[in-house]
Amino acid sequence: MQAIQGLHHVTAVARDQQRNIDFYRNVLGQRFVKRTVNFDAPDTYHFYFGDRIGSPGSILTFFAWTNMPRGVRGNGETNALAYKVPQGSLEFWQEHLKKNNVSTNPIEMRFGEKVLSFEDPDSMRLELIESESNSPTKFWEAGPIPQEYALQGFHSVTLWVDELESTAELLKNQMGYQVAGQEEKRYRFIGDKNVSGHIVDILHRPGKMQANFGAGSIHHIAFRVPNDEAQLEYQSLIRDAGYRITEVMDRNYFHSIYFREHAGILFEIATDTPGFAIDEPVETLGETLKLPAWFEPNRKAIEESLLPITLKAFEK
Ligand code: ZN
């Protein structure tokens, strides 16, 4: 059975939909690759940001939940998302973020790489890490950031847990990750080295407060499998290991199964196929509201329940 290669997508919660788009698209230079609704709550948006085509390992998605109280950080959650950036680009990002009124923390070293951390407008924790890119993403030429500085898909996520062993065992025994090192309380696990988002870090925080889910929290992280067949193999394997895992859900752009690991963090396993070009051409991704076939009869009511959003112009 093939090991999990890396992350497929990460999903978080944003309160202000326009602010969310302005930040990820116009400030961080991620392409807005899909404008759709939350399939479990179709009167709210679901946004997808990624590289030019929304490659697995570059996709950050948001549920836009206007009235959600702010989340509180703690154990039992995915606490941070890191993107890869080219070597020598962090000075550009320090300046660029400052110009856009985003305050950054001093650059720190982690496993020999430079890390710049900051928060998104909902206080979600983001990191840019100078790292050799071993699988270049599809650069969005029309975007606001020059290619020499542009984000290159995910580097890693950081999980905060009270108890290390059970999460570590799951990654190693069921998901095919390898132990890659330890720095103080941070334990690193790696999947396939040839894909974006192949690193999972666990920060061991025994006895610390549990997280309280809300706006700015990461809702779940999705790992990738190539196709439906591999997904079903994982469903059996993880069920046999004693986890309660869902049936396959059709997310239109991929198929998904979900389970909570022992620390309480929601994991998803998603297929690479069919991808975001299934219902609109790559050239115009994200420009209009896309609905799965089963919601099309309700399009008018759905559109009326959503606030208007705009893709604002930016300086190149
Ligand atoms: Zn998901």
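Predicted model: local features only at pLDDT ≥ 70, side-chain atom pairs only at ≥ 80, totals over all residues.
Residues are numbered from 1 along each chain as its sequence is written, and side-chain values use heavy atoms, with hydrogens and water left out.

**Strand β12**

I took helices (H or I, at least four residues) and strands (E, at least two) as DSSP runs numbered from the N terminus, and counted two strands as paired if DSSP finds at least two bridges between them. On the other pairing I checked, strand β9 (residues 154–161) is joined to β12 by 6 bridges and runs parallel to it. V200 in β12 is the bridge partner of V157 and also of F189.

I then asked how β12 (residues 199–204) is enclosed, with buried meaning under 20% relative accessible area, exposed over 50% and partly exposed in between (1.4 Å probe, protein chains only). Since 6 of its 6 residues are buried, β12 is largely enclosed by the rest of the structure. I, D and L at I199, D201 and L203 cover one side, while V200, I202 and H204 lie on the other, and all are buried. In a regular strand the side chains alternate between the two faces of the sheet.

**The open sheet**

I traced 8 strands in an open sheet of mixed pairing, in the order β2-β3-β4-β1-β13-β16-β15-β14. Its edge strands, β2 (31–38) and β14 (249–250), each pair on one side only. I found β2 joined to β3 (residues 41–50) by 7 bridges in an antiparallel run, with N38 standing opposite A41 of β3. Helix α1 (residues 17–27) packs on this sheet and touches β1 (7–14), β2, β3 and β4 (59–64), where contact means heavy atoms within 4.5 Å. The direction of α1 makes about 10 degrees with that of β3, taking axes as lines fitted to C-alpha atoms, for helices over the stretch in contact, and angles from 0 to 180 degrees between N-to-C directions.

**The zinc ion**

I listed as donors the N, O and S atoms within 2.8 Å of the metal (3.2 Å for Na, K and Ca), and because water is not among the atoms, sites may look incomplete. H9 (NE2), H220 (NE2) and E268 (OE) coordinate the zinc ion at 1.9 to 2.0 Å, with the sequence spacing H-x210-H-x47-E. H220 in β13 (residues 218–225) and E268 in β16 (residues 266–274) are 48 residues apart and link distant parts of the chain. H220 is buried at 4% relative accessible area, and E268 is buried at 0%.
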